[in-house]
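Me: Can you walk me through this one? I'd like to start with the helices and then move on to charged pairs.

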Amino acid sequence: MFDGERLQRALRERGLSLRQTAEIMGLSEDVLYRKMQDAGDFTRNEIQLLRWGLGLTGAETEDIFFAEELA
């Protein structure tokens, strides 16, 4: 399950705006915002671009995009 709060935290920690992040991914700011609000799924390519662009570790990527849902 996608964890938008963790992604937002990662952006803040790296000093990146939503606009800068969207540019890294080749998306519009609006599309990225909607995806972050869980209105759409991230593609494999988009996840790879985010991992590269933000310098995420494998563990961070797992935590953000594949977090287990807590009961």
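Reply: Let's begin with helix 4 (residues 44–54) and helix 5 (residues 58–65). Their axes come within 11 Å and cross at roughly 135°. Keep in mind that this is a predicted model.

Me: How are helix 4 and helix 5 oriented to each other, then?

Reply: They are oblique to each other. The crossing angle is roughly 135°. An angle over 145 degrees would count as roughly antiparallel, and 65 to 115 as roughly perpendicular, so this one falls under oblique.

Me: Is the crossing of helix 4 and helix 5 left-handed or right-handed?

Reply: Helix 4 passes helix 5 in a right-handed crossing.

Me: Which residues make the contact?

Reply: Helix 4 contributes Ile47, Leu50 and Arg51. From helix 5 come Gly58, Thr61 and Phe65.

Me: And how many of the contact residues are nonpolar, polar or charged?

Reply: Three are nonpolar, two are polar and one is charged.

Me: New topic. How many salt bridges are in the whole structure?

Reply: A search finds six.

Me: Let's take Glu46. What does Glu46 form a salt bridge with?

Reply: Its partner is Lys35. The closest N and O atoms are 2.9 Å apart.

Me: Where do Glu46 and Lys35 sit in the chain?

Reply: Glu46 is in helix 4, while Lys35 is in helix 3 (residues 29–36). They are eleven residues apart, and the pair links distant parts of the chain.

Me: Are Glu46 and Lys35 buried or exposed?

Reply: Both are buried. That puts each of them under 20% relative accessible area.

Me: OK, what about Arg6? Which residue does Arg6 form a salt bridge with?

Reply: With Asp3. Here the closest N and O atoms are 3.2 Å apart.

Me: What are the relative accessible areas of Arg6 and Asp3?

Reply: Arg6 has 32%, so Arg6 is partly exposed. Asp3 has 22% and is partly exposed too.

Me: Which residues are linked with Arg6 in a network of salt bridges?

Reply: Asp3 and Asp63.

Me: One more pair. What joins Arg14 and Glu13?

Reply: Their side chains meet in a salt bridge, at 3.7 Å from N to O.

Me: And how accessible are Arg14 and Glu13?

Reply: Arg14 is at 27% relative accessibility, so Arg14 counts as partly exposed. Glu13 has a relative accessible area of 57%, so Glu13 is exposed.

Note on methods
Residues are numbered from 1 along each chain as its sequence is written. This is a predicted model: local features need pLDDT of at least 70, side-chain atom pairs count only at pLDDT 80 or more; totals for chains, interfaces and linings use all residues. Side-chain values use heavy atoms; hydrogens and water are left out. Axes are lines fitted to C-alpha atoms, for helices over the stretch in contact, and angles run from 0 to 180 degrees between N-to-C directions. Helices (H or I, at least four residues) and strands (E, at least two) are DSSP runs, numbered from the N terminus. Angles under 35 degrees count as roughly parallel, over 145 as roughly antiparallel, 65 to 115 as roughly perpendicular and the rest as oblique. A crossing is left-handed if the near helix is turned anticlockwise from the far one by less than a right angle, and right-handed if clockwise. Contact means heavy atoms within 4.5 Å. Ala, Val, Leu, Ile, Met, Phe, Trp, Tyr, Cys and Pro count as nonpolar, Asp, Glu, Lys and Arg as charged, and the others, Gly among them, as polar. A salt bridge is a side-chain nitrogen of Lys or Arg within 4 Å of a carboxyl oxygen of Asp or Glu. Buried means under 20% relative accessible area, exposed over 50%, partly exposed in between (1.4 Å probe, protein chains only).
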